[in-house]
Amino acid sequence: MTLRTTLLGACACLALTPAALAQSDAAQPETGDVIVVTGTLGTFGATKSSAPILETARSVSVVTAEDFLARGALTLDDSLNYTAGVVGDTFGFSTRGDFFQVRGLDVPEYRDNLQALFGNYNNTRPHLYTVDQVEVLKGPASVLYGQGSPGGIVNLASKVAGPDLGQEVVLSYGTHDRLEIAGDFSATLIADTLHARFVGVIRDADTQVDFVTDDAVSLAPSLTWTPSEATEINLLVNYDERDGDTAHQFLPLTGTLNPGPNGERMSSSVYHGEPGFNRYDTESTSVTVIASHQLNEIFTLEGTARWRDSSSEYSQSWLAFAGAGVPRLDANGNGVRSWYDNPASSEQLAFDTRVRADFMTGELEHEVLAGVNYQTVELSSSRAFLRQGVLNAFNPVYGNGVPSMADLDAVRGTTESESEYWGFYAHDQISWNNWIANFGVRVDDVSNTNNGVSQDDDATTLAAGLLYAFDNGLSPYVSYAESFNPQLGVDNVTGDALKPEEGEQFELGVKYQPTGSRSYVTLAYFDITQSNLPNPQGLPNAPSQQEGEASITGFEIEGVTVVELPVGDLKLNASASWLDAEDPNGLPFSSIPEEQASLWGEFRPARLQDLRMGLGVRYLSSNSSVGVNPFTGAPVEIDTDGYTVADMMVGYDFANWSAMLNVRNLFDEEYYATCLARGDCFPGEERTVNLRVARRF
């Protein structure tokens, strides 16, 4: 029996665990002793509702700070590695950003209900220490959030001020001289009324790639004002700065996936950039207001508003691409060097304001949400690209072909773009006895301007769901949701502006948590259709250029249980997913595995409750990438093997101190997260060891 089969089987067995435990757990009193193992959502969470996940007719996963710290996550990508249907490190070890995929698709990143990332390489990567939890709403979310992906959204919930939060100082040190000092300090400025909090991190770190550093400063002061029981206003400032280089070296297929000219393989630490030229430095400042005011027993006003200014300085050299199926290296391992320089910036002003109404009509209980969402984003970039000089991929000698700033300025092009949209939405969740139904509709108006060329789009999206909560904790559900995403450009056949890409999803699932238990399982089947895509190959005489349609179907299972053993408590988290995704040409999505599974166990000995030990296993199946040779027209398919890696944790609490040792990729498995048909490979994360010591007071 293979490890893959064992891991997938363990996930399936965990789905049956709650039923096996139901009889003993049902006898437990429904008190605070029953551990909530599913995570919770607030009204500023991914669903904009505090309804329990068990009563939500959608797939939602929540990863708490306790979870991702225990598993040794160092980045947002890492925090999602144990979540069903989510590929966290899609492009392996990265320092530029987080490249997660949900249900086979790129999805937008949100923070406290507002979008936080726009375009590429003009924002600063968030630091996990400033985050309370990471939430994944799977499937189309346009009814709540407007334009976006049919894969869903990832929402980060920030740490904000509040009463009785205490103080913490953290020191951590790990592989590649990764040194971090962090602090979380809270104070009450006016009793029961005004609270302050300051969260900060400073990091100095090398990485697994030669010459590449990943230094960071993250500061997040906040104030919470509660002038009355009915009103709460949070003011949060985030300042983030990252200085370093990019870990993505776009390593050639020759010497990585395939052997080199003499059968050699290059190390994943090899650096194909140029010291002194390469850099990836980002800086961002944002001010966010999160507020709510209860008008009466029925109506509550809520809102989030943000101003954010970000900039980046991105310069990189790599070995030039030659086209799918065309070698990038000669017989001696030499390749032409590419040089890229692109200072970029983004500025955002956004708000989401809504009224919530909780009321009864006869026997029907309603939670109505009606809101208006506005956002304007200005992006600018000044891109220069050229090719000159030669570098040996296996024995790089730097300094050859380095361009001057004048060389780059001579080929530089500037892009200025602005997007503005208004969204108006209404959503009603209706409860009657054990039935819970929801209906939502949203109307959006989007305007995009790119270098003076404007395009306007509008869309109406719908969502609906129905769930029945049996008294035994079983909750089957069905749901439907839509999405849209504007596409800039002109259809060369019709002469009209391109229509927005559209998505729709049907989902059928069941959630199960036996009454009073410490177990929870969710199972979902989904069918997503993505339309208005570029035409598939071989479609002659099409009436437009957007007849393309992609199909994504899959199963996901996720579960948590706590097993009480004579020697201690064992908490198990398991997930697995099976995905069948085909693009308009019937080809699999690039870099997306069909199967993935994970199992994380955490044990606390009965006689030594301050000690905890964790062990996890993550499996992703193979993935592929398809391209076309530009010279022969022949198809090119590159397959990347799947991989299985293990993670480990040992932690101990004593008095107000805690220490935790995390090891990711315990056995130092060498693997590539994906290799692309265009000719490059992305190494996975090597073994990392990190010791974290915290003092609370």
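These legends describe close-up views of a predicted model. Residues are numbered from 1 along each chain as its sequence is written, and side-chain values use heavy atoms, without hydrogens or water. Local features need pLDDT of at least 70 and side-chain atom pairs count only at pLDDT 80 or more, while totals for chains, interfaces and linings use all residues.

**View A. The largest nonpolar core has 16 residues.** A nonpolar core is a set of buried Ala, Val, Leu, Ile, Met, Phe, Trp, Tyr and Cys residues joined through side-chain atoms within 4.5 Å. Buried means under 20% relative accessible area with a 1.4 Å probe, protein chains only. F68, L80, F100, V102, V134, V136 and V154 have the most contacts inside this core. α2 (65-70), β7 (131-138) and β8 (152-158) each give two or more residues to this core. The largest share, three residues, comes from β7.

**View B. The surroundings of V102.** Contact means heavy atoms within 4.5 Å. Leaving aside neighbours within four places in sequence, V102 touches G85, V86, V107, V136, K138, G151 and V154.

**View C. Strand β27 (residues 595-605) is largely enclosed by the rest of the structure, because nine of its eleven residues are buried.** Strands are DSSP runs of E, at least two residues, numbered from the N terminus. Two strands pair if DSSP finds at least two bridges between them. Eleven bridges join β27 to strand β26 (residues 568-582), and the two run antiparallel. S577 has Q596 in β27 as its bridge partner.

**View D. β27 and β28 form a hairpin.** Five residues lie between the two strands. Eight bridges join β27 to β28 (residues 611-620), again antiparallel. L599 stands opposite V617 in β28.

How values were computed
Buried < 20%, exposed > 50% of the residue type's maximum accessible area, 1.4 Å probe, protein only. Helix = DSSP H or I, 4+ residues; strand = E, 2+ residues; numbered from the N terminus.
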